[in-house]
Structure formats: structure tokens, C-alpha cells
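Biologist: I'm new to this one. Could you walk me through how to read it?

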Amino acid sequence: MMYEHFDNAVKGIKEKLNNDPEGINARKKYVLELSRLGRKLYSKDETIAWCGVTAPFDLLSAMGVTSCFVEFVGAMLASTQTAGYFFEEAEDSGFATDSCAYHRAVMGAVLKNAMPKPDFIIGTSSPCTAGLAIVENFAHQYKKDFFVLNVPQNYTKDAIKFLAAQVEEMTLFVSDHTQRPLSMEKLGMALENFNRSSQLLKDIYDLAKTKPSPVDNRLLRDFGVVMPLLMGTKAGVDICQAFKDELNHRIATGWHHVSKEKTRLMWIQNRIQHPFPMDEMLDDLGAKIVVDELNNVTWEPMDPDNPFESIAKRMISIPFSMDTSERIRLMQNLAQDYQIDGAINPCHWGCRQGTGARGLISKGMQDINVPVLNLEIDCVDSRNLSKGQIETRVEAFMEMLS
Amino acid sequence: MNKKIGFTCAYTPVPLIEAAGFSPYRVFPDTKAPDQAGHLLHDNLCPHVKKVLDRALADDLPELEGMVFINSCDTMRRLADAWKQARPDDKIILIDLPSGTDILSLDFLSKEYERLSTTLFKWNNETSSPEIISGRIKEKISLWNIVADLVKKTEEKMSQDFFPGYASGLQQIINTAATESTDHALAMAQNKLEPEQPAKPGLSPVFVFGNLLFDPKVYDLFEDWNMHVTGTDFCTSSRFVTHVDTGLDDNIFRSLAISYLKQTPCARTMDTAMPGSIAQRIVERAKKSNAKGVIGFTLKFCDPYLARVPMIRQALQKESIPFLMLEGDCTTGSMGQQQTRIEAFTEMLEV
């Protein structure tokens with residue numbers, strides 16, 4: 001069923017792109033590539049690894065492994081409104097309703113046999129304890145080998161050395177399962193693609209800072225979290241280029257001047273994944289999300305001569321790996337660079353890692369005079385959604401900002 | 001009297017604190033301080049962390065020279081973050097704790113424990129040679145190990161017969177080791193090893209596990225509710241009093257790392273070679289302690305435990321061991337709400 005879903009998506013988007021050969025269509029190209037990834041995951045012909053969010057997907061891709069973080073599937077199930085069925089399965093099996101719904105949805109899918117069976121599993125201790133616990137459940141359920149990358153919180157020489165050694169050891173674990181050794185040439189190419197994508201991401205984010213911004217409320221949603229799945233590939237570079245072209249085109253044609261931008265906003269952490277009309281609501285209120293917290297390049301270019309250390313540094317540099325004061329510092333920089341008027345923090349129910357810092361984030365942003373709207377919402381499970389309350393709070397916040 | 005070092009996690013080696021000339025003070029979530037932690041963090045965090053933070057915010061703490069945090073889970077990480085806001089003048093250190101028990105993790109944790117030791121000595125303005133430091137740590141470990149062994153013996157006795165008040169007495173010894181000193185705990189353990197009352201038959205033997213159950217009164221309540229606690233697996237029970245094998249490595253910090261990472265682990269620590277091994281371990285411990293049933297007691301919103309409960313339930317079902325899962329908030333008040341369920345469970349075990 002899922003293979004057909006992704007296959008149909010690939011065919012449908014390709015047809016649309018073929019009908020518009022001159023168009024830039026960055027978002028369509030991006031969704032096409034993600035659908036291709038989905039199709040590969042469900043094709044049964046690939047070496048599959050289910051992973052934690054911060055796994056080195058460029059390295060895995062260089063080793064011929066089709067990999068994805070499990071929360072991606074949770075988000076997909078929510079966006080296609082099929083998550084409810086899987087929540088019930090997980091909850092009936094004893095997974096607490098207070099837990100993160102990304103994980104509950106995907107665990108339900110595992111229990112319902114709706115997930116592709118992996119060849120092995122790679123957990124990461126960042127971003128969250130719950131994510132690592134869920135992939136341990138995957139390994140237990142599928143009876144597959146399990147490798148964990150411990151991402152230290154302290155950015156010290158010892159910590160980098162520790163993580164780099166683990167990444168290197170992971171390549172041996174992968175080789176054991178694929179019977180293919182790591183090709184340094186392929187890794188070099190993957191890192192080259194990663195570096196080119198990273199540079200393009202920086203360009204994209206710089207363009208998004210323009211006032212008024214050429215982005216809209218949908219264009220770059222969840223971009224920084226999902227793009228690492230593709231960044232080690234040529235397709236990843238092409239997608240980044242398409243987004244850069246799209247923003248340049250919008251600026252060149254003056255699109256950004258005609259778009260409504262009464263209020264410039266930052267969206268903290270991930271967007272709402274179920275079909276809640278937040279983007280439309282903000283459109284109507286003239287509010288524009290000019291930056292998502294995770295649309296940020298926090299790492300130095302990868303060094304092909306020192307690949308494991310580079311990857312380790314990158315993994316530790318991700319805001320969720322660090323302590324909250326560092327995360328807040330990065331947010332404050334974004335707030336100033338993008339000249340935002342306010343920020344929305346969807347406090348995803350069940351997230352101890354991100355939402356757990358709610359009060360500290362509000363205070364950190366207040367320190368630079370940026371008001372924060374904390375929305376108590378489950379970004380994945382819409383069963384207890386109070387749409388009216390959320391709408392009222394968003395409207396009141398926008399009124400206050402204006 | 002020694003100055004105190006606060007800590008919150010069972011992976012904090014008390015002998016390191018004592019070797020540096022401090023007394024340990026485990027900050028238990030035991031407070032009447034107003035509920036304010038949600039303002040700095042979020043309300044859906046585990047009550048352990050929230051209550052500890054409430055204590056910090058309300059200054060419901062003894063004078064502390066510093067705080068040791070371990071990034072054992074997301075909520076503990078957030079506690080360390082919030083502590084800086086709540087008590088900006090406190091000295092704090094956060095130790096990175098790997099989740100696996102492989103060689104790389106052991107090497108890394110040994111360096112982290114060494115960093116902890118160096119920091120503690122610095123906080124006490126002490127400069128000693130590595131040999132002297134190592135000697136002092138070994139000395140403190142020897143004492144600690146005596147307590148650990150006595151605790152183990154007491155637990156073994158508990159698994160064989162029911163002695164009224166014995167389980168709560170054991171908890172008092174462990175709490176003393178956590179909040180006063182190993183010396184005091186040792187004196188107490190030596191006095192309490194022999195049960196004060198004769199063995200009494202008739203109660204239902206139950207193994208209890210989870211994250212935090214530190215109040216000795218809870219164990220008395222269990223007895224009132226017809227339950228003979230045959231063994232426990234909590235980070236506030238015997239799991240906290242880890243026996244440290246100093247012969248494992250020439251480097252004392254590596255010996256500590258091996259002993260702590262390979263002790264009966266918290267749910268957050270895993271053996272990647274055996275995913276879900278926590279479930280099997282609980283089955284084995286329950287059987288070994290002669291329990292007829294198992295009660296899981298975890299704090300609400302504790303991801304490491306809650307995510308593993310389905311695996312544990314499945315493993316216990318496979319062995320036909322009855323299982324009751326309870327969630328609470330660290331207080332005896334919330335335990336009172338569980339009375340009916342516990343009584344019904346123990347009654348069922350008698351049938």
C-alpha cells in the first residue's frame with residue numbers, strides 16, 4: 001500500500017513537472033525526491049536502515065544504504081491523516097498517550113506491519129531520549145542488529161573524538177551487514193555534495209532574510225530537518241539549487257513586495273504535521289514565517305581528509321544536541337538576522353527535549369525583546385486538538401504584535 | 001562538617017564526591033515548595049525533575065558547594081539548563097553519560113568521571129598528585145563497597161522471607177548513603193542487617209521496579225497493603241549503591257566507568273547486542289527474588305521507562321508472571337491513590 005502511495009506521488013509530481021519544463025518548482029522537486037526516498041524504503045530491493053534524526057545520512061548513502069529517521073514516517077502518517085489508526089495500535093500495546101506522537105504513530109505502524117523491515121537500525125542519542133527508546137523497540141520488534149551513536153552534549157575534544165570513533169565504527173557495522181566496504185571515493189563525493197548543499201542552504205537562508213522576505217509560509221517548512229536525508233546526493237544539491245533559484249526569481253520579479261508581510265515570525269522547532277490550517281491562518285493575518293529555527297547551518301564544511309571528525313562536529317553542533325543556552329543563543333542570532341517581530345513555539349505534547357525548554361526559550365527571547373507565543377499543541381496527534389482555542393491565541397498574538 | 005555536593009542521578013559516583021572532601025547530597029524530589037518549575041521548563045516533564053527544580057527555585061536546599069548533573073535523559077538535561085537560571089551562582093558540572101556499554105563508551109565515561117573528580121578537587125581548592133587522588137578514591141570506594149555488599153545481603157534476605165519493616169529500613173540506609181555519608185550509612189547498615197522482627201508468612205511476594213521510589217514510608221504502606229517486597233530495581237534503591245570493582249583496570253576512573261555502566265542499568269542504558277534486554281532482566285530478577293508478581297512504578301512522563309513498558313509486559317506475560325503498571329508523581333499521596341489497585345493485585349496473586 002505504501003509503495004503504491006509513493007509510486008503514485010512520484011508519477012504525479014513528475015507529470016506536473018514535465019508539464020511545466022520552464023518552471024523552477026523547487027517545492028515540487030523536493031517532494032518528488034522525498035517520495036522517491038519513500039518508494040525506495042518500501043521497494044524491498046534496497047538495504048534499509050531506520051535511524052535517529054541526527055544519523056549521518058550522507059555517509060550511509062555513500063555506503064549504499066537507504067536510510068531515514070523514524071520521525072519522518074510519523075510526520076508523514078500525520079499529514080496523510082492515517083496516524084489515528086496507528087496511535088490506537090501503539091496505545092493498545094501499552095505505549096503511553098503522554099509520549100511523543102511522532103514515536104507513537106511510527107511504533108503503531110511497526111506493530112501493524114506497515115513499515116518496511118530494516119536490515120539494521122542506527123539509533124542516535126540526539127535529539128531525544130524517547131527517539132532512542134523507540135528505535136530500541138524497533139530493533140527488539142524486528143530482531144535486527146542495532147548500533148547507537150552517542151552524541152555528547154559538551155563540545156570538547158574528548159567528546160568529538162568519542163563521537164568520531166563511533167561514526168567510524170558504524171561504518172564497520174554497516175559493512176558487516178552490506179558486505180560492502182566503505183569506499184573513500186564515494187564518501188568523498190557524498191561530502192562534496194554535502195558541502196555544496198550546505199553552501200546553497202546558507203545562500204537560501206540569506207535570501208530569506210531579505211525584507212520583505214521572498215519566502216511564504218510553506219516554502220521552507222521543515223526544510224532544515226528533512227534536507228539532511230538528501231544532502232549527500234546530487235539530487236540534494238539540485239534541490240537546494242532549485243530553492244535558491246526560486247527565491248532569486250521571486251526577488252527579481254518583485255513577488256516579495258506584493259506578498260503580505262505585516263509581521264515577520266520565527267517558527268521554533270518543527271511545524272504542525274497534521275492538516276491544521278496554520279499557514280492559511282497566518283496568511284490571512286498578514287504574518288509570514290521568515291525563518292524556522294532548524295533552517296540553519298550550524299556546522300563547518302566537511303573535511304574529506306578527516307571525514308569522521310567532521311561528521312562528529314556537525315552532529316554535536318545541531319541545536320538539539322547542545323545545552324539550551326546554546327540553542328537560545330542560536331535562536332537569538334536568527335531573530336536578529338531575520339529581524340523578526342515574534343516567534344511561535346508549538347510546544348509539541350510529549351516532547352521533553354524541545355518543549356521541555358519552553359520557559360527558558362521564552363525568557364531567552366524576551367531578553368532580546370522578542371515575544372513568544374507558546375502553543376500547547378500536539379504536532380502529530382490531532383485527536384485532542386482545540387482548533388478554536390489555537391486560532392484565538394494566534395489571532396490575539398498577531399494583534400499584540402501589530 | 002564537610003561541605004555538600006548536590007546530585008540527582010544514580011550514575012553519580014558518591015566515592016568521587018567523598019574523596020574530594022565533600023559530603024554527598026542527593027536532591028530528592030521531596031518538597032512542599034510551590035509548583036513553579038513549569039514556568040522555566042514545561043509542565044509535562046517528569047515530577048522528579050520538576051520537584052527538584054521547585055526546591056532550587058524556593059531555596060529549599062541545604063548549603064551546596066556545587067551540583068553534579070548527568071545527562072541521563074532529556075529531562076535531566078533540561079534540569080541542568082534550568083538550574084543555571086534558578087541558581088546562577090551555583091557551581092555546576094554536567095557529565096555526559098553514554099547509553100551503551102561498549103569499549104568506546106567505557107573509555108569516554110572514564111574520562112568524564114576523571115573530569116568530575118578534577119572539578120570536585122578544584123571546587124575544594126585541593127591540589128594533590130594523581131597518585132594521592134587515586135588512593136583517596138580507592139579508600140572511599142572500599143567503604144562504599146562494604147555498604148553495597150551489606151545492601152545486597154539485605155536484599156537477598158528480603159527475597160527469602162518477609163520481615164516487617166525490613167524494606168523501609170533498607171531504604172533508610174540507602175537514603176543515608178545518598179544524603180549524608182557512606183560512614184553513616186555503614187553504621188546504620190551494620191545495625192539493621194539483622195531483622196528486628198521475626199519472619200512473618202502470608203503476604204504476597206512482589207518484585208517492584210521503576211525509576212524513583214525513595215520514601216521509606218512507601219515500603220511500609222506496601223506491607224499494610226499485603227505486599228512482601230522481595231526485591232527492587234529503582235535508581236533510588238540498591239541500583240544506586242553500585243559495588244565498584246577496583247580490580248577491573250589500573251585506571252580507577254575506568255574501573256568506576258565499567259562498574260557504573262555495567263551495573264543493573266537504568267532503562268536509558270542499553271545493551272545494543274540485546275535490544276530490549278531490560279525486559280528479560282526484570283523477568284530474571286523477579287524469578288530470582290521468588291516473586292509471584294511484578295509491579296512497575298514509574299513517574300509520569302518518564303520516557304526511558306514508559307517506552308520500555310510494552311516490552312517488559314510482553315516478557316512477563318510470556319513467563320505467566322502477573323504485572324501491574326502504576327504511574328505516580330513521587331509523593332506518598334499519589335501512592336495512596338494506588339492502594340485499591342495494589343490490594344486487588346496482591347489478592348489476585350494469592351488465588
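Biologist: How many residues of the second largest pocket's lining are nonpolar, polar and charged?

Modeller: The lining divides into 4 nonpolar, 11 polar and 7 charged. Here Ala, Val, Leu, Ile, Met, Phe, Trp, Tyr, Cys and Pro count as nonpolar, Asp, Glu, Lys and Arg as charged, and the others, Gly among them, as polar. This is a predicted model, where local features need pLDDT of at least 70, side-chain atom pairs count only at pLDDT 80 or more, and totals for chains, interfaces and linings use all residues. Residues are numbered from 1 along each chain as its sequence is written, chains are lettered from A and ligands numbered from 1 in the order written, and side-chain values use heavy atoms, leaving out hydrogens and water.

Biologist: Which element gives the largest share of that lining?

Modeller: Helix 6 of chain B, with 8 residues. Helices (H or I, at least four residues) and strands (E, at least two) are DSSP runs, numbered from the N terminus.

Biologist: Is A:Asn137 buried or exposed?

Modeller: Buried means under 20% relative accessible area, exposed over 50%, and partly exposed in between (1.4 Å probe, protein chains only). A:Asn137 has 3% relative accessibility, so A:Asn137 counts as buried. You'll find A:Asn137 in helix 7 (residues 129-142) of chain A.

Biologist: What does A:Asn137 contact, leaving aside neighbours within four places in sequence?

Modeller: Contact means heavy atoms within 4.5 Å. A:Asn137 touches A:Phe95, A:Met107, B:Ala307 and B:Met311.

Biologist: What is the strand order in the open sheet of chain A?

Modeller: Two strands pair if DSSP finds at least two bridges between them. The 4 strands run 6-5-7-8, with parallel pairing.
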